[in-house]
Amino acid sequence: MITRGSMEEYKVLIPSAGLGTRLGEFSKNLNKALVALDNKPVISHVIEKFPKSVEIVIALGHKKKELRDYLELAYPDRKITCVDIENFSGPGSGLGLTIMECKEHLQCPFVFCSNDTVVLEEIPPPKTEWIAYSDLQKNSNYRSLKIDAEGLVEKICEKGELYSFETRPYIGLAGINDYKTFWKSMEEGRKYGSIEIGESYSLRKFVEEDARRVEARKFTWFDTGNLESLKEARKAIKQDNAPEILEKANEAIWFVNGHVIKYNSDKQFISDRILRSRELRGFVPEIVSSKENMYVYKMIAGKTLSKTNNRVVFEKFLKFIKNFWKEKELTPEEKIAFKDKCMEFYRDKTYKRIDSYCKRFSYQDCEENINGKNISEIYDILEKVDWDSLSEGVPTRFHGDLHFENILVAETGEFCLLDWRQNFSGIIGYGDVYYDLAKLMHGMIMSHELVNKECYFTKKRDNIIEYDFYMKNSLVEDKRDFVNFLRESGYDIKKVEILTALIFLNIAALHHYPYSELLFYLGKTSLSEALK
């Protein structure tokens with residue numbers, strides 16, 4: 001248990017021990033409280049509803065280390081008590097058990113809030129008993145409240161119960177002033193359902209004993225605990241000019257409390273990122289704190305290139321990045337080793353990623369008609385790649401994930417590079433400039449903003465595939481200027497096109513369906529065309 005701060009007039013309980021199975025892959029590597037909403041974990045939307053002087057008690061279970069690390073990095077100035085719950089799943093577990101494990105830290109009035117409950121209004125202190133509800137009409141999946149004409153809770157109804165009277169959904173948010181009676185009811189109810197039911201067991205006792213003591217409080221509510229409602233919440237809660245982040249199951253990036261926190265399930269990924277931040281000092285933000293699976297840097301005032309781009313800005317960026325790509329002098333032995341690393345990075349990784357795609361999405365390799373063109377099997381196409389020539393890399397200082405969402409235009413007008421790659425096939429200090437060039441090209445073809453808006457489609461029937469996607473006009477112009485830049489700078493345009501196609505094939509295995517399918521077929525057709 002970690003504790004910071006002392007007891008205030010009231011506290012807040014946020015139970016975050018459960019598995020979060022309704023969120024599928026989102027809760028595979030992270031506690032569901034860390035699922036992003038408007039590029040910030042849901043639990044941050046909850047915590048930041050309360051004054052800094054109020055102590056927050058958080059129950060930890062599933063993926064507790066990651067959640068604890070996040071809280072320590074994001075809120076070093078907050079009063080937070082973390083309580084480890086051993087039995088958070090399986091026989092004998094339940095929300096009520098998790099709540100009672102926190103009892104010793106809640107011997108005062110407190111607010112109960114589920115870790116997937118996000119509301120827009122201010123949350124009042126528990127000066128009296130109150131229970132929160134929403135005007136959501138479809139409430140069969142939730143416990144619900146019957147509310148009388150004076151705004152008091154008359155009855156707490158179970159999920160799916162049908163009554164002749166109208167009810168409103170209970171949103172997992174309540175103020176508990178009489179904490180002694182609350183805990184007494186929970187303890188006495190161990191044999192009668194309090195373990196499974198949770199806080200609602202004692203809240204029902206409050207209502208049944210004296211219906212006039214419990215107020216009903218209305219909130220604008222977003223449930224982030226299942227995929228469908230999370231999607232709706234993300235549409236409704238989004239800041240203007242927010243960075244466009246494409247989610248992956250094993251990593252995340254969050255913007256909170258004036259800082260940026262990067263998470264990855266691979267510890268080596270994080271340690272290499274930190275090492276590379278020193279190599280790229282002056283071009284990337286300075287990391288100020290870290291954990292095994294996370295690091296933090298201060299947010300820089302500005303906007304990503306995707307939000308500020310025009311031809312003048314892009315021309316300025318090309319001059320900046322050309323100076324960034326400082327060439328590395330290698331010995332003859334190092335040149336041979338670097339070519340081997342390029343071969344490993346381009347050829348070997350591509351085959352592994354395509355194998356992964358086939359397994360993950362049950363794809364059977366075959367000849368297909370894609371957008372009206374007959375395209376060979378993907379492994380046949382790969383055999384036509386001149387891997388030896390492709391692996392003749394140019395060793396330079398490199399970024400590794402250079403697209404418009406990772407390029408910040410600061411308020412000063414200077415550029416700052418974000419979310420750099422951790423290594424180049426194990427090399428920390430340098431990589432192939434052609435990979436950066438191809439990453440830039442891939443970002444001009446596929447806009448994160450339009451992907452997040454689902455401005456694409458794929459249609460598959462047997463071996464006939466159709467796909468299409470929107471491209472931003474500004475990026476089409478940038479791509480044209482970029483090709484001119486490649487030509488004038490003496491870069492091999494065909495090589496950039498082939499690597500760009502390989503990037504689409506490589507990242508297809510990392511993303512969700514149907515975006516993954518779009519990436520795969522775009523990569524397959526692009527590679528086939530580039531090799532002609």
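**View 1. Leu408 faces its bridge partner Cys416 in strand E24**.
This is a predicted model, in which local features need pLDDT of at least 70, side-chain atom pairs count only at pLDDT 80 or more, and totals for chains, interfaces and linings use all residues. Residues are numbered from 1 along each chain as its sequence is written, and side-chain values use heavy atoms, with hydrogens and water left out. Helices (H or I, at least four residues) and strands (E, at least two) are DSSP runs, numbered from the N terminus. Strands E23 and E24 run antiparallel and are joined by three bridges. Two strands count as paired if DSSP finds at least two bridges between them.

**View 2. Three strands form an open sheet in the order E19-E23-E24**.
Pairing here is antiparallel. Strand E19 (302–304) and strand E24 (415–417) are the edges, and each pairs on one side only. On average, neighbouring strands of this sheet are turned by 30° against each other, direction ignored. Helix H10 (residues 311–324) lies across E23 and E24 and runs at about 55° to E24. Axes are lines fitted to C-alpha atoms, for helices over the stretch in contact, and angles run from 0 to 180 degrees between N-to-C directions. Contact means heavy atoms within 4.5 Å.

**View 3. A four-strand open sheet has the order E21-E20-E27-E26**.
Its pairing is mixed. Strand E20 (residues 368–370) and strand E27 (residues 464–469) pair in the parallel sense, over two bridges. Look for Ile370: its bridge partner in E27 is Ile465. Helix H18 (residues 515–530) lies across E20, E21, E26 and E27. H18 runs at about 100° to E27.

**View 4. Strand E12 (residues 168–176) is mostly covered**.
Nine of the nine residues of E12 are buried. Buried means under 20% relative accessible area, exposed means over 50%, and partly exposed lies in between (1.4 Å probe, protein chains only). Strand E7 (residues 110–113) pairs with E12 in the antiparallel sense, over four bridges. In that pairing, Val111 stands opposite Gly175 of E12. E9 also pairs with E12 in the antiparallel sense, over three bridges. Tyr133 has Tyr170 as its bridge partner in E12. E10 and E12 run antiparallel, joined by two bridges. Here Leu145 has Arg168 of E12 as its bridge partner. In a regular strand the side chains alternate between the two faces of the sheet.

**View 5. Helix H6 (residues 199–209) is largely enclosed by the rest of the structure**.
Why is H6 described as enclosed? Eight of its eleven residues are buried. The buried residues of H6 are Glu199, Ser200, Tyr201, Ser202, Leu203, Arg204, Phe206 and Val207. An α-helix has 3.6 residues a turn, so residues three or four places apart point the same way.

**View 6. Asp401 and Lys439 meet in a salt bridge**.
A salt bridge is a side-chain nitrogen of Lys or Arg within 4 Å of a carboxyl oxygen of Asp or Glu. The N to O distance here is 3.1 Å. Asp401 lies in the loop between strand E22 (395–396) and strand E23 (407–410), and Lys439 in helix H14 (residues 433–445), so the pair ties together parts 38 residues apart in sequence. Are these two residues buried or exposed? Asp401 is buried, and so is Lys439.

**View 7. Lys218 forms a salt bridge with Asp135**.
The closest N and O atoms are 2.7 Å apart. Lys218 lies in strand E13 (residues 214–218), while Asp135 sits in the loop between strand E9 (129–133) and strand E10 (144–147), so the pair ties together parts that are 83 residues apart in sequence. Asp135 is partly exposed, with a relative accessible area of 35%.

**View 8. Lys52 and Asp77 join two loops**.
Their side chains meet in a salt bridge at 3.0 Å, N to O. The pair links distant parts of the chain, 25 residues apart. Lys52 is in the loop between helix H1 (42–47) and strand E5 (55–60). Asp77 is in the loop between helix H2 (64–74) and strand E6 (80–84). Lys52 counts as partly exposed, at 48% relative accessibility. Asp77 is partly exposed, with a relative accessible area of 41%.

**View 9. Four residues are linked in a network of salt bridges**.
They are Lys65, Asp69, Lys267 and Glu292. How many salt bridges does the structure hold? It holds 36.
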